[in-house]
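Biologist: Before I rely on the labels attached to this model, please take me through them one by one, setting each value against its definition.

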Amino acid sequence: MAEVTNSPSLFAEDTICTELRATTKDEAIKEMVDLLYDAGVVTDKAVFTQVIYDREALSSTGMGMGFAIPHGRSEVVTGPRVAVGLSKAGLDFNAPDGTLANMVFMIAISPKENNLHLKILAALSRKLMHQDFRDSLLACATREEVLEKLSVITA
């Protein structure tokens with residue numbers, strides 16, 4: 001399997017928010033898409049937002065244990081990126097265990113990336129299964145700290 005690292009093409013400071021303003025899932029999706037758009041990763045907010053909602057309609061991306069991983073593949077994505085948003089209050093992503101998501105990881109990839117989103121999903125999920133890692137990520141006060149914590153993720 002290919003290795004997934006914190007290269008600028010996957011995780012970057014300009015797509016990390018340590019304090020999401022969102023209080024709802026819809027607001028969080030909008031805020032995360034805005035991060036990707038402002039960073040030049042997504043060229044059309046409306047198209048990518050619809051892709052995210054189309055995926056959410058299949059099944060919730062609230063994974064439980066305090067995190068959600070909304071994701072989408074679209075031609076409007078210029079390169080693979082994972083936007084990261086932290087929320088102290090938590091957001092309802094309809095997780096199977098009923099927990100609110102304090103961490104939201106929005107994966108944006110283009111269709112030509114084949115199975116990269118699956119590798120990223122697996123790598124994130126493997127690491128996020130550990131309470132210590134989740135706690136350390138939530139304790140991050142800066143984007144740099146978040147980036148450093150994510151540097152351990154490999155697929």
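Biologist: Which residues does Ala-101 touch, not counting residues up to four places away in sequence?

Modeller: Ala-101 touches Gly-66, Phe-67, Ala-68, Ser-87, Gly-90, Leu-91 and Phe-93, where contact means heavy atoms within 4.5 Å. Please keep in mind that this is a predicted model, in which local features need pLDDT of at least 70 and side-chain atom pairs count only at pLDDT 80 or more, whereas totals for chains, interfaces and linings use all residues. Residues are numbered from 1 along each chain as its sequence is written, and side-chain values use heavy atoms, with hydrogens and water left out.

Biologist: What makes Ala-101 count as buried?

Modeller: The relative accessible area of Ala-101 is 3%, and buried means under 20%, with exposed being over 50% and partly exposed lying in between (1.4 Å probe, protein chains only); Ala-101 is therefore buried. The residue belongs to strand β6, a strand being a DSSP run of E with at least two residues, a helix a run of H or I with at least four, and both being numbered from the N terminus.

Biologist: How do you know that β6 is mostly covered?

Modeller: Strand β6 spans residues 101-109, and nine of its nine residues are buried. Ile-109, which also lies in β6, has a relative accessible area of 0% and is therefore buried. Leaving aside neighbours within four places in sequence, Ile-109 is in contact with Gly-72, Arg-73, Ser-74, Val-77, Pro-80, Asn-114, Leu-116 and His-117.

Biologist: Why are β5 and β6 called a pair, and in which sense do they run?

Modeller: Two strands pair if DSSP finds at least two bridges between them; β5 (residues 81-91) and β6 have seven, in the antiparallel sense, with Gly-85 as the bridge partner of Val-104. On the parallel side, β3 (residues 67-68) pairs with β6 over two bridges, and there Ala-68 stands opposite Val-104. Strand β4 (residues 71-73) also runs parallel to β6, joined by three bridges, and Arg-73 has Ile-109 as its partner.

Biologist: What makes α4 roughly antiparallel to α5?

Modeller: Helix α4 (residues 131-138) and helix α5 (residues 143-150) pack at an angle of about 160°, their axes 9 Å apart, the axes being lines fitted to C-alpha atoms over the stretch in contact and the angles running from 0 to 180 degrees between N-to-C directions. Angles over 145 degrees count as roughly antiparallel, under 35 as roughly parallel, 65 to 115 as roughly perpendicular and the rest as oblique, so α4 is roughly antiparallel to α5.

Biologist: Which residues make the contact between α4 and α5?

Modeller: Phe-133, Ser-136 and Leu-137 in α4 meet Val-146, Lys-149 and Leu-150 in α5. By class, this contact has four nonpolar, one polar and one charged residues.

Biologist: What does the largest nonpolar core consist of?

Modeller: A nonpolar core is a set of buried Ala, Val, Leu, Ile, Met, Phe, Trp, Tyr and Cys residues joined through side-chain atoms within 4.5 Å. The largest has 25 residues, and those with the most contacts inside it are Val-82, Val-84, Phe-105, Leu-124, Leu-137 and Leu-150. At least two residues each come from β5, β6, α3 (116-128), α4 and α5, and α3 gives the most, with six.

Biologist: Why is Thr-18 counted as buried, and where does Thr-18 lie?

Modeller: Its relative accessibility is 14%, so Thr-18 counts as buried, although its place is in the loop between β1 (16-17) and α1 (25-38). Apart from neighbours within four places in sequence, Thr-18 is in contact with Leu-86, Cys-140, Ala-141, Thr-142, Arg-143 and Val-146.

How values were computed: Ala, Val, Leu, Ile, Met, Phe, Trp, Tyr, Cys and Pro count as nonpolar, Asp, Glu, Lys and Arg as charged, and the others, Gly among them, as polar.
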